[in-house]
Amino acid sequence: MAREHKLFKGKTLAILSGGGDTPAINSSIESVRNRASMLGYKVYGIKKGWKGLLGDGDIVDLSHQPYDGWYGGTALNSSRTNPFPSKKNPENRVPQILKNLKRYKIDVLVTIGGDDTNGAAKRLYETEGIPVIGFPKTIDNDLRTGTIHKYNGKEIEAVICPGFPSAAKAIAEFAGRIKTTAESHNRVIVLEVMGRDAGWLTGTSIFGGAKLGLIPEYEITKERKRMFFERVKQAYMDSPRKSLVIPVSEGVRWYDDKKDKVDVVYASSELDEYGHPRFGGISGVIASEISQKLGLDARAQITGYYARSGICRKYDRRLTTTLADKVVDLLLREKYGQMPVLSKVVPYHELEEYNTSSIDMGTIGNKPLSEDYFDIDKFEFTDAYSDFLKKILKYPRFLDFNSDFPAVVPEK
Ligand code: F6P
C-alpha cells in the first residue's frame, strides 16, 4: 500500500461561522474543508461560532462527511458570541477558548465572519498567538476587501463579500416583483432592505427597476428630507405607470419632525455582544410621511431575512471556492492573521485564484458606499454602481409593460 505523504498530516484545522448567516456559508465551509483535507489536515467544525469553544466545547468532525455547499445558511450554526468582554457580557472568555483549542488539539482556526468575528480572531492571533485565517462573509457587503472596480478609467474601491451576490439576486428579484403590484395600484412602495451601516444591498434594487433610494451613509437632515420629497413627487409624476418602488436601508438616519433630530428606527434597542442594536421599521415611517406630505398612496414592505435565506447562487459558489484556493496558499505559507479577498471586480468566469490576494485582518473595518456609487443630490444609485452589479448579476431582473391603451369616448 502506498504511503500517504501529506504536508499537514497529524494537524487539525477547525472552522467556525459567526454573526448573521448568509446563503454562502456552507459553500465556504465545504470548500475550505475539502482543500484542508487534501493538505492532510483533520477538519473540525466548531458549532455556533465562538460559543462552541466555551465550556466543554461543541465540536464536530467534518472529515470524510458529506456536505452540501449549495444549501443556504450554516450547518455549523452561528452566534454573536464575543470572546472578549463587552457591555452585555463583561466576562473574559479567552481563557476558556484557549483551553478548548488545546484540549481538542486545534492547530489552525478558519473564522468565517464579518468585522466582529474576524476582528476577534485577529485579536486572538495578536494577543495569544493563535494561528487564524479569516474568511469574509456578509450580505451587507460592507467588509473592507480592497477590491478594485475599474470604471471609465477610474479605480473605485469596491467590496465583494461571499453572501452578497446571492442576497443581491434575491433583492433585485424582490424589487422586480413588487414593481407589478405597485404599478397596479399606482402606489409608492417603500422597500426596506437589511444594511445597518451600508447601502450596498439596498442598491441592488436598481436591478429590479427601482431608481430612487436612501442609504445609511448619507443622513437625511431636515433640509435633505424636503429635497427627497420633491424628488419622490417628480419621479412619481415622471413614471410611466404612476408608481415607484423606493428601496431604503434599515439603518437609514432620518429626520424625525417630532424629536427635531436625525434618528434611526430600532426593532430592539437591546445591544448584542458586539454592541449592535437591531434596526427595523424605517420603511413604515417613510411610507406614512409620503402619504401625508405628498398625498400619494404609499405602503411599506420589509424584505428582512429573505435576503439572507435560501440557496447559494452560482456567483457565490464560485467566489467561495476561489477564496478557499487562496486559503490553501495562506496555509502553505503559514501566513496567519490574513483574510483572502478578490483583488478586482470580475465577472463569474474570471473568478480564479490569480484574481485574489489577502489582506491583514486588522484592516477589514467597515466600507461604506462611496459617492462614486450613490448620487446624494439625486438620491440615486449611479451608472458606476450598475456596472459593478452587472459583473455579479449579469442582467437586471425586471420587465416593463407600459401599456398606452386609447381611451374610449362614448358615442353621442
Ligand atoms: O449580518 C448583518 C445583518 O444582516 C444586518 O444587515 C442586520 O441588521 C442583522 O444582520 C440582523 O441580524 P439578526 O437579526 O440575526 O441579529
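Helix axes are lines fitted to C-alpha atoms over the stretch in contact, and the angles between them run from 0 to 180 degrees. In this predicted model, the axes of helix α5 (residues 222-238) and helix α6 (residues 282-294) come within 11 Å and cross at roughly 75°. Angles of 65 to 115 degrees count as roughly perpendicular, and α5 and α6 are therefore roughly perpendicular to each other. On the α5 side, the residues that meet α6 are Lys 225, Phe 228, Phe 229, Val 232 and Lys 233. Their counterparts in α6 are Ile 286, Glu 289, Ile 290, Lys 293 and Leu 294. By class, six residues of this contact are nonpolar and four are charged, with no polar ones.

A second pair is formed by helix α4 (residues 164-184) and helix α8 (residues 383-393), whose axes come within 10 Å and cross at roughly 110°. That angle makes α4 roughly perpendicular to α8. Helix α4 contributes Phe 164, Pro 165, Ala 168, Lys 169 and Ala 172 to the contact, while α8 contributes Tyr 385, Phe 388, Leu 389, Ile 392 and Leu 393. Nine of the residues in the contact of α4 with α8 are nonpolar and one is charged; none is polar.

The model also holds a ligand, and the residues around the ligand include Gly 20, Arg 80, Asp 140, Arg 196 and Arg 278. A polar side-chain atom of Tyr 305 lies 2.4 Å from an oxygen atom of the ligand, and for Glu 250 the corresponding distance to a ligand oxygen atom is 2.6 Å. Gly 195 places a backbone N or O atom 3.3 Å from an oxygen atom of the ligand. The ligand taken alone exposes 400 Å², of which the protein buries 86%.

Definitions and conventions: Residues are numbered from 1 along each chain as its sequence is written. This is a predicted model: local features need pLDDT of at least 70, side-chain atom pairs count only at pLDDT 80 or more; totals for chains, interfaces and linings use all residues. Side-chain values use heavy atoms; hydrogens and water are left out. Helices (H or I, at least four residues) and strands (E, at least two) are DSSP runs, numbered from the N terminus. Angles under 35 degrees count as roughly parallel, over 145 as roughly antiparallel, 65 to 115 as roughly perpendicular and the rest as oblique. Contact means heavy atoms within 4.5 Å. Ala, Val, Leu, Ile, Met, Phe, Trp, Tyr, Cys and Pro count as nonpolar, Asp, Glu, Lys and Arg as charged, and the others, Gly among them, as polar. A residue is near a molecule or strand if one of its heavy atoms lies within 4 Å of it. A polar contact is a pair of N or O atoms within 3.5 Å; within protein, one must be able to donate a hydrogen and the other to accept it, and residues adjacent in sequence count only if both atoms are side-chain atoms. Accessible areas come from the Shrake-Rupley method with a 1.4 Å probe; for residues, only the protein chains shown count as cover.
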